[in-house]
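The following note is intended for a colleague who meets this structure for the first time. Please read the points with the sequence and the model in view.

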Amino acid sequence: MDRIEPGSATIEVGVLAYPGAHEAAILGMTDLITIANRFAGEKGIAQVPVHRWSLDTAGLVRREDQPSSESLPNVVVIPGRLSGPPSAHEAAAFGPWLRALHDKGTLLATSCAGSFLLAEAGLLDGRAASTHWAEAAEFRRRFNKVKLEVDEIIIDDGDIITAGGLMAWTDLGMRLCERIFGPQVTMQTSRFMLIDLSGREQRNYKSFKPRVDHGDDAILSVQNMLQSIDGKPINVFQMSREAKLEERTFLRRFKSATGLRPTEYVQNLRIEKAKELLQTTRRSVEHIALSVGYRDVTAFRRLFKRDTGLSPADFRKRFRNGLGT
């Protein structure tokens, strides 16, 4: 279902209330479609029902308000959940249903960790998809055939739409609204709900969370040292000496343990510290760049924008926390 002509067909939206699913997203998506229906009605566009679907006691996915219904939704929304991504065992219960719907042309849409259900069903293999940035490492570990793009909030791949973080259900809802009702109803709905249609990027919000559960004590000692020196200059030789390893061995083990080369790791730490200073202090961008180890302020601005999608000044404006010092 690449494009829905508003009012041309009977559309039914199903929201999947799987165990642990983000209840606010379920209710919020229902409310969003309800509000859009009101504006659509004013324009003579057909109303779109939205229902909750969940597993019944027999392990079948059914409509909660009408379990005996034979009708199937032609748009299915899979929200994220607060307790982290579903395991392979949890997701397996929904695989046959999701694959059958996809075969029938149903538009499948997920936010946050909901993408794990589609990936476990094999529906994202070879395709671009997004999920919550904090779950990216787990997603890549489990689904290496998927082209994960966590910098983006929305990946619209025609018959499958995946959205990023926990609250990205709002962005997903606007995309579905445009598909179902068209741009005018979408604009009215966004204004009513105060949802920005200008487009966001997930990288604006992500933070660096280094892997520390890898079990390599020598590398962990270097990570702890890097955390403590707060952006001060350091080279690979000094890091390998801290690890008590030959330099080539250190480089191999560091990449294996953390997923990053030492220079990439240090850069991530510096950018993370810069974000903290931009949010909590009044220091100039030049002063912050120097304090986290960048003598070339132009290079710092370029690297910062590449990582976050925002200039240092724009990042401060969006995320400023109080007056600072």
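Leaving aside its neighbours within four places in sequence, which residues is L16 in contact with? Point 3 gives the reply.

1. Basis of the note. This is a predicted model, in which local features need pLDDT of at least 70 and side-chain atom pairs count only at pLDDT 80 or more, while totals for chains, interfaces and linings use all residues. Residues are numbered from 1 along each chain as its sequence is written, and side-chain values use heavy atoms, with hydrogens and water left out.

2. Overall form. The protein chain contains 14 helices and 9 strands; these are DSSP runs (helices H or I, at least four residues; strands E, at least two), numbered from the N terminus. Its C-alpha atoms fill a box of roughly 65 × 40 × 30 Å along the principal axes. The chain has 325 residues, and 50% of them count as buried (under 20% relative accessible area, with exposed meaning over 50% and partly exposed in between; 1.4 Å probe, protein chains only).

3. Contacts of L16. Beyond its neighbours within four places in sequence, L16 is in contact with A21, I26, W53, V61, V77, I78, P79, F94, W97 and L117. Contact here means heavy atoms within 4.5 Å. Across the protein chain, 65% of the contacts with a separation of 6 or more are between residues 24 or more positions apart.

4. Nonpolar cores. L16 is also one of the residues that touch the most other members of the largest nonpolar core, together with L98, L172, L176 and F181; this core has 64 residues. Its largest share, 9 residues, is supplied by helix α1 (residues 23-42). Another core, of 18 residues, lies apart from it and includes I229, V236, F254 and A257. Such a core is a set of buried Ala, Val, Leu, Ile, Met, Phe, Trp, Tyr and Cys residues joined through side-chain atoms within 4.5 Å.

5. Strand β4 and its partners. Strand β4 (residues 75-78) is covered on both faces: V75 and V77 are buried on one side, V76 and I78 on the other. In a regular strand the side chains alternate between the two faces of the sheet. Strand β1 (residues 13-16) pairs with β4 in the parallel sense over 3 bridges, and V15 has V77 as its bridge partner. Strand β5 (residues 107-111) also pairs with β4 in the parallel sense, over 4 bridges; there V77 stands opposite A109. Two strands are said to pair if DSSP finds at least two bridges between them.

6. Positive phi angles. Which phi value does L194 have, although it is not a glycine? The angle is positive, about 55 degrees. L194 sits in the loop between α7 (183-193) and α8 (217-229) and is exposed, with a relative accessible area of 77%. K244, likewise not a glycine, has a positive phi of about 60 degrees. K244 is found in the loop between α9 (236-243) and α10 (247-258), and its relative accessible area is 72%, so it counts as exposed.

7. Residue T263. Is T263 buried or exposed? T263 belongs to helix α11 (residues 262-280) and is exposed, because its relative accessible area is 53%.
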